[in-house]
Number of protein chains: 4
Amino acid sequence: MAGPQKLGFLGLGIMGYPMAKNLLRAGYSVTVYNRTREKAEELARNGATVADSPTEVGRRASVIFLCLGDSDSVCQVAEKLLESVQPGSIVVDCTTISPTVSRAIGERFRKRGIAFLDAPCSGSKAGATKGTLTFMVGGDREGFERIGEYLRAMGEKIFYLGGPGMGLQAKLTQNLIGALIFQAMAEGFVLARKAGLAPSSVLEVLQASVARAPLIDAKLPPVLARRFEPNFSLKWMHKDLGLMLESGRQLGVPLPATALVHELFGASVAMGHGEEDFAAAITLLETLAGVEVSEPVPDSPRLES
Amino acid sequence: MAGPQKLGFLGLGIMGYPMAKNLLRAGYSVTVYNRTREKAEELARNGATVADSPTEVGRRASVIFLCLGDSDSVCQVAEKLLESVQPGSIVVDCTTISPTVSRAIGERFRKRGIAFLDAPCSGSKAGATKGTLTFMVGGDREGFERIGEYLRAMGEKIFYLGGPGMGLQAKLTQNLIGALIFQAMAEGFVLARKAGLAPSSVLEVLQASVARAPLIDAKLPPVLARRFEPNFSLKWMHKDLGLMLESGRQLGVPLPATALVHELFGASVAMGHGEEDFAAAITLLETLAGVEVSEPVPDSPRLES
Amino acid sequence: MAGPQKLGFLGLGIMGYPMAKNLLRAGYSVTVYNRTREKAEELARNGATVADSPTEVGRRASVIFLCLGDSDSVCQVAEKLLESVQPGSIVVDCTTISPTVSRAIGERFRKRGIAFLDAPCSGSKAGATKGTLTFMVGGDREGFERIGEYLRAMGEKIFYLGGPGMGLQAKLTQNLIGALIFQAMAEGFVLARKAGLAPSSVLEVLQASVARAPLIDAKLPPVLARRFEPNFSLKWMHKDLGLMLESGRQLGVPLPATALVHELFGASVAMGHGEEDFAAAITLLETLAGVEVSEPVPDSPRLES
Amino acid sequence: MAGPQKLGFLGLGIMGYPMAKNLLRAGYSVTVYNRTREKAEELARNGATVADSPTEVGRRASVIFLCLGDSDSVCQVAEKLLESVQPGSIVVDCTTISPTVSRAIGERFRKRGIAFLDAPCSGSKAGATKGTLTFMVGGDREGFERIGEYLRAMGEKIFYLGGPGMGLQAKLTQNLIGALIFQAMAEGFVLARKAGLAPSSVLEVLQASVARAPLIDAKLPPVLARRFEPNFSLKWMHKDLGLMLESGRQLGVPLPATALVHELFGASVAMGHGEEDFAAAITLLETLAGVEVSEPVPDSPRLES
């Protein structure tokens with residue numbers, strides 16, 4: 001590999017915008033594209049070249065990052081990139097999409113001599129801004145080695161998980177586990193609250209046990225404060241659970257609790273909570289139980305330890 | 001209350017035996033009873049007085065600890081204690097039983113002027129031996145204050161949660177959450193493994209995320225090693241989930257994921273895993289999926305970060 | 001056995017009252033008892049002898065029927081009957097209770113030389129009134145043969161299922177299946193309705209298929225009319241599902257769908273529908289989906305076949 | 001429209017072959033196409049014209065029936081038909097596919113002046129052979145009226161359900177309800193059998209109740225005989241439940257029991273039962289419970305009524 005490559009970045013949303021900014025800050029030359037052009041213009045002030053179309057990004061850059069919304073968007077953009085990206089280039093998809101779809105898209109790039117990696121990330125908006133994301137990468141190893149420096153400009157922890165789709169598989173495993181831990185919290189705390197326990201006491205007791213979980217530490221405070229501004233929105237979590245169920249179907253792995261939580265989260269989406277943080281899914285259980293996980297609890301004792 | 005009380009201890013099983021020993025070590029006078037007398041005799045060497053019946057413990061002691069197996073055992077022993085315990089005494093039940101049953105038993109003691117506290121603990125055999133248990137106490141506050149010094153001889157963290165049954169309610173909340181976190185791990189790792197990911201890689205990635213959990217850190221190694229010696233046995237976890245469902249039924253709180261996990265764990269109990277650690281519940285999903293969560297995974301990459 | 005026996009009947013509720021009346025109409029001598037004495041007095045006009053206590057019924061009668069609410073009521077009444085019923089008599093429990101509890105109670109009667117049969121029935125109030133009930137009987141065969149003539153005075157179909165508890169086991173199987181068929185209807189019709197299909201059209205199509213079910217034919221009209229007067233109340237159905245889950249736990253049979261439906265019905269009970277017909281359980285799903293299974297559907301076509 | 005149209009038929013599988021034959025028997029002129037040409041040649045003896053490609057059918061016929069395997073096959077065939085079918089023609093898809101996919105395909109035909117109807121059918125191979133199928137039709141009403149005579153040559157009951165996709169929505173509702181009734185039977189009968197009841201006795205009792213169901217009458221005998229030759233294969237039922245869940249997701253209708261049964265059926269597919277009748281799904285529960293729903297039951301009583 002000689003010298004730094006020309007980079008491209010498609011999709012400047014909540015995650016993509018600060019990620020691209022970090023690449024620019026690191027001194028790379030980046031051509032950007034966004035459906036809503038304004039976000040791209042903002043990055044021009046940081047030195048980005050603004051492209052008029054995905055096709056143009058494909059022509060200008062040899063290492064291209066995607067950070068889009070869902071499988072459909074990735075398919076559409078890929079279709080256009082396939083028209084213009086040069087053999088020898090590399091496409092890195094940071095979107096969380098179906099591993100199956102990702103493998104199919106990657107195959108088409110590879111047939112034209114273009115490397116393709118799935119590299120979904122976690123760490124949310126804060127991590128994207130601070131450059132402390134975690135990347136989970138699948139695809140061929142040589143491609144992975146070529147993009148290391150760019151990923152390190154955007155993130156702190158970089159994992160190589162194996163062949164095509166493996167990054168996504170790992171990322172979705174994480175979300176599946178996170179969703180079920182949240183459901184554990186929801187059922188446990190709604191029951192405890194209706195039994196008359198103060199949520200803060202239950203949390204303190206839980207934290208002294210092996211059943212403690214950082215996700216519960218993070219999600220209980222917004223539940224108590226009834227603040228559901230999205231850190232990770234319910235509709236995306238619901239979508240990701242759907243991708244896991246699809247993966248389970250294809251691989252022949254039954255996922256009974258995941259399927260149930262998917263339906264419960266789906267009910268919350270249907271009731272209008274899709275744009276809120278996935279912590280809002282607790283309101284379904286609260287409604288059914290006729291109780292709210294909040295303080296103070298009448299007559300609850302002060303806890304001591 | 002002036003001066004140290006005469007203590008009693010009923011139930012010298014895996015937990016009760018080391019707990020009673022710690023009371024003796026702390027210098028208290030303890031009368032012990034166990035259905036199998038040998039375990040009691042062993043403690044005689046540590047200074048314990050061995051009683052021939054629960055009734056005798058009731059006559060000799062004014063602060064009596066129970067550490068039995070289930071609601072039925074507690075009911076039977078309580079029946080005998082009610083014949084002999086003196087008004088002004090205090091009975092402390094460390095068994096994890098139904099909060100409803102506990103309240104009913106406690107009511108009968110209170111009517112005779114005897115305080116009754118539910119004080120289930122967590123920390124397993126190791127915590128009981130080292131005296132580092134966590135106690136979750138329910139019942140009247142004055143009673144709680146009278147037993148503080150004894151609990152501190154057996155444990156490190158002592159929580160007062162409120163009125164009768166509240167200690168149990170908190171303890172069971174912990175177990176409910178632990179069981180569901182385990183199911184999250186089981187579904188996530190079985191799917192990941194069948195997709196070709198190495199479990200150790202998935203764990204490392206998970207530990208870099210908000211979905212990490214001490215329970216998963218603790219349970220994955222024995223799963224990988226296929227070692228299911230009980231730390232907390234599946235049959236007791238299954239029983240405790242049943243108690244939570246009963247509690248949910250009484251309080252009007254639907255617990256859909258808990259109900260599902262209870263059935264799945266029940267299936268594993270029925271298939272002969274009841275005496276193993278509850279981590280053995282993963283084998284059901286493994287059987288259904290035709291894969292084992294073990295290493296090495298053929299062709300799995302070395303992970304780097 | 002020579003000649004007709006003196007009969008006793010305890011519990012004159014929605015079912016018991018018309019059942020006892022049918023025994024009187026058939027010419028039998030019946031001593032009745034009910035907690036609320038008025039109901040008993042009414043039957044006095046039909047020739048019944050009114051007793052002041054269960055114990056008195058036990059003294060007067062040698063074939064005694066129970067038709068009570070739940071396991072607890074049966075236990076309490078059994079306690080009193082054990083004081084007065086003569087050896088050689090027979091006690092027939094028509095209440096739907098736990099097979100395990102029934103076996104334990106029966107054992108105590110049998111030890112005193114009194115036969116005990118579980119004989120739950122189906123057919124609802126209408127069947128009880130017309131004498132067209134179905135009885136499902138468990139217990140020893142000789143006892144079953146002794147009560148045939150009385151059951152025929154109250155019902156049309158009499159099944160002998162085997163040893164103690166087997167009648168209950170069969171009855172509860174029926175209710176389990178009925179509850180799950182109802183859930184099938186609820187999920188199918190709520191989805192169809194939200195998709196814009198007229199419920200009456202879906203029913204007509206369904207009736208032309210192997211998936212048709214008398215229970216759906218019976219329950220859809222009250223759902224469409226939003227009339228939930230109890231034929232079989234949700235709280236009793238919920239209780240019966242709980243008994244099945246207990247039975248599954250004891251026998252080592254996982255019942256995942258039953259466990260889920262039990263929680264969903266429990267949520268509807270918690271939301272105040274317990275006294276309504278179990279068809280009211282559909283309102284939970286309707287609330288979650290934001291749609292009501294009712295006619296007319298805007299723009300729905302007329303169906304033709 | 002004057003006079004009989006030239007018909008086309010694509011897909012001569014288990015259902016399509018006898019359906020096309022019935023159209024020929026009724027005297028219609030039919031051009032047929034099948035991937036495996038032999039099946040088409042067989043129909044040539046009945047007077048069919050054999051086409052070399054879907055495109056050719058599109059050129060020759062003005063009323064074209066599809067009877068294929070899944071959404072993908074329908075999409076591929078539709079692509080070819082769009083090249084050759086004349087405006088004013090009508091395409092009738094009898095395949096059970098996603099209502100969403102069906103609407104999208106239909107839209108493309110309608111844009112070219114070609115009517116498109118979804119007309120899935122039920123009645124299985126026997127109904128297709130005897131011409132006693134039930135058709136559930138969605139799409140525009142005028143189109144429906146134009147094809148009535150042809151559907152009557154293949155079926156007995158023809159339902160018009162409304163706009164595009166409504167026939168599929170109704171058909172899938174039927175399958176959802178059928179699948180859940182089967183799960184009801186599975187849980188009820190496995191529990192009853194393990195409790196010691198004879199399956200035939202339980203069936204007899206059930207048939208005397210409102211919980212009886214033709215589907216159970218049909219599926220219990222093959223379960224008892226352990227014969228799982230497909231009438232409707234588990235893999236197709238599993239696929240159809242997946243379509244319903246997709247529909248529920250799009251419409252905002254949670255389907256918790258359907259989602260659970262989908263996972264359980266999926267586990268059975270993964271264990272190798274996909275090609276068997278969906279009644280084979282009971283073996284999963286039997287394995288978990290360690291019992292087989294079969295006769296004779298040791299010591300089971302003869303039933304009488």
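Let's start with the contact between chain D and chain B, which takes seven residues from chain D and seven residues from chain B. On the chain D side, α12 (256–273) and α13 (282–289) each supply at least two of the residues that touch chain B. Of the elements there, α12(D) gives the most, with four residues. Sorted by class, this side of chain D has six nonpolar residues, one polar residue and no charged ones. Please keep in mind that you are looking at a predicted model.

Now turn to chains C and D. Here helix α9 (residues 199–207) of chain C packs with helix α8 (residues 166–194) of chain D at an angle of about 60°, and their axes are 10 Å apart. The crossing of α9(C) past α8(D) is right-handed. Which residues meet there? From α9(C) come C:V202, C:V205 and C:L206, and they meet D:A170, D:T173, D:Q174 and D:I177 of α8(D). In this contact of α9(C) with α8(D), five residues are nonpolar, two are polar and none is charged.

Finally, let's look at chain A by itself. Chain A holds 13 helices and nine strands, and its C-alpha trace spans about 70 × 45 × 35 Å along its principal axes. Among the contacts in chain A between residues at least 6 apart in sequence, 65% join residues at least 24 apart.

Key. Residues are numbered from 1 along each chain as its sequence is written. Chains are lettered from A and ligands numbered from 1 in the order in which they are written. This is a predicted model: local features need pLDDT of at least 70, side-chain atom pairs count only at pLDDT 80 or more; totals for chains, interfaces and linings use all residues. Two residues are in contact if their C-beta atoms, placed from the backbone, lie within 7 Å. Ala, Val, Leu, Ile, Met, Phe, Trp, Tyr, Cys and Pro count as nonpolar, Asp, Glu, Lys and Arg as charged, and the others, Gly among them, as polar. Axes are lines fitted to C-alpha atoms, for helices over the stretch in contact, and angles run from 0 to 180 degrees between N-to-C directions. A crossing is left-handed if the near helix is turned anticlockwise from the far one by less than a right angle, and right-handed if clockwise.
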